[in-house]
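The sequence and structure are shown first.

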Amino acid sequence: MPPLGRRDKIFIATAALLSVCLWLLSARAPVLTKSTPVATRLPTDASPPKTTAAPLGSFPIVSSAQSEAVEQTEQSGRDTLQLFKDLNRYGDGTQAITEKNLDLVDPGARHERRRPLSRNPLSPDADWDILLTADRFFITGDDVAEISLELWRNDLPAAANTLSMQAEIRSADGTVLKRQLAVTAAGQGAETSFQPDLFWPDYTGPIRVRVAFGNFGVETREAILDFHFTGSSRVPANFTAVSADYLHSGDLVFDVGIEVKLAGTYRISANIHDRFGQPFGRSQLDTNLEPGSRVASLEFDGLLFHDREVQGPFYLTTLRGERLNPMSMAGSDHLALIEGQYISQDYDLDQFKNTVVRSLRTERMLKLYKEALARGVEFAPPE
């Protein structure tokens with residue numbers, strides 16, 4: 001067989017990478033009743049080692065350096081295959097998580113940090129720090145976001161002279177619409193309660209808040225904060241309740257009730273925690289829903305429970321939903337979050353299945369990986 005050409009190598013590598021990306025984009029979910037809050041803990045799990053594959057080849061005369069290269073290549077090949085197996089270990093929709101997966105454990109949380117007004121050490125503003133943040137990123141329906149601005153000079157709190165704070169959106173015809181926000185003093189800083197539904201209930205998309213501020217020692221500056229908003233008249237459906245949890249073929253299933261207003265493809269997801277409040281899994285479901293009272297069944301692969309050696313009862317939290325609209329530049333229409341959690345029945349670990357179910361797609365991709373590695377294709381696992 002002739003050696004693999006450069007174009008063939010690129011094609012196989014691209015196909016493999018796309019398969020991993022497609023897996024990451026697929027998954028499943030349910031609805032909640034209020035209960036006690038889930039405890040929060042610091043993440044403890046270590047990140048997996050990073051590996052890079054080297055090309056395979058034949059070496060008639062093998063030096064010690066070449067021998068090490070061969071061993072590294074073989075190990076990297078095994079790592080590539082193992083990574084693919086790990087990513088496809090569970091059934092569609094199930095994903096293992098830890099508290100390090102911050103955007104899944106606390107979706108919509110903000111990550112702004114205090115930062116200097118200038119990074120130029122010779123600037124007169126170098127002694128000043130600012131923090132402009134809010135309590136959420138996603139705003140749905142009549143939700144209210146709490147926005148705050150703080151200033152420091154030489155690490156000491158400094159008064160923030162807020163000249164204006166305004167929210168703006170870009171309408172469908174490209175017009176920028178603006179609204180002034182009322183600002184109140186809060187200690188040395190400033191804050192406001194922002195409820196965009198009062199201005200734009202028919203809008204879905206990004207919202208930008210601009211803050212003009214200063215101080216006796218600082219010229220007027222501007223800071224920006226972004227949100228994603230779904231107006232109350234654009235909310236496509238509402239969660240009602242988690243109606244049941246049960247075992248199906250060794251997997252744990254939660255039935256989530258949804259009152260659908262607008263037909264479409266919905267993505268529903270939720271996290272699951274063990275009896276001690278530790279998150280260990282996520283389920284995601286993409287499903288087509290028609291208007292009316294519907295049920296979405298979120299499945300957690302039984303193998304996940306064995307891998308994590310978790311004990312029940314289990315807590316279903318962080319229930320999220322959105323109506324997908326890939327062609328929209330504004331993003332998806334979101335469902336309102338439910339603040340609370342659903343507590344499952346108590347299950348014994350031996351009730352869950354403890355096997356990896358391989359799909360035809362997974363087996364085919366493993367075959368392509370092995371063939372590509374044998375022909376010298378180089379793979380670098382994602383950073």
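This is a predicted model: local features need pLDDT of at least 70, side-chain atom pairs count only at pLDDT 80 or more; totals for chains, interfaces and linings use all residues.

Glu-168 and Arg-210 form a salt bridge, in which the closest N and O atoms are 3.1 Å apart. Because Glu-168 belongs to strand 7 (residues 161-170) and Arg-210 to strand 11 (residues 204-215), the pair ties together parts that lie 42 residues apart in sequence.

## A buried pair

Asp-251 and Lys-353 make another salt bridge, with 3.4 Å between the closest N and O atoms. Asp-251 is found in strand 14 (residues 251-260), whereas Lys-353 sits in the loop between strand 20 (342-343) and helix 5, so this pair ties together parts that are 102 residues apart in sequence. Both Asp-251 and Lys-353 are buried.

## Helix 5 and its two faces

Helix 5 comprises 15 residues, 360-374, and from its first C-alpha to its last it reaches 21 Å, which is close to the 21 Å expected at 1.5 Å a residue. The buried residues in helix 5 are Thr-362, Met-365, Leu-366, Tyr-369, Ala-372 and Leu-373. Around the axis they cover an arc of only 130 degrees, and they are therefore placed on the same side of helix 5. An α-helix has 3.6 residues a turn, so residues three or four places apart point the same way.

On the face of helix 5 turned away from the buried side are the exposed residues Leu-360, Arg-364, Lys-367 and Ala-374. Just after helix 5, Gly-376 adopts a positive phi of about 95 degrees.

## A salt bridge within the helix

Lys-367, one of the exposed residues on that face, forms a salt bridge with Glu-371, the closest N and O atoms being 2.6 Å apart. Because Glu-371 and Lys-367 are four residues apart in helix 5, about one helical turn separates them. Glu-371 is partly exposed, its relative accessible area being 32%.

## A network and the overall count

Salt bridges with shared partners also join Arg-114, Asp-129 and Asp-155 into one network. Across the whole structure, a search finds 15 salt bridges, including the pair of Glu-168 with Arg-210, that of Asp-251 with Lys-353 and that of Glu-371 with Lys-367.

Technical notes: Residues are numbered from 1 along each chain as its sequence is written. Side-chain values use heavy atoms; hydrogens and water are left out. The expected span of a helix is 1.5 Å times one less than its number of residues. Buried means under 20% relative accessible area, exposed over 50%, partly exposed in between (1.4 Å probe, protein chains only). The arc is that of the directions from the helix axis to the C-beta atoms. A salt bridge is a side-chain nitrogen of Lys or Arg within 4 Å of a carboxyl oxygen of Asp or Glu.
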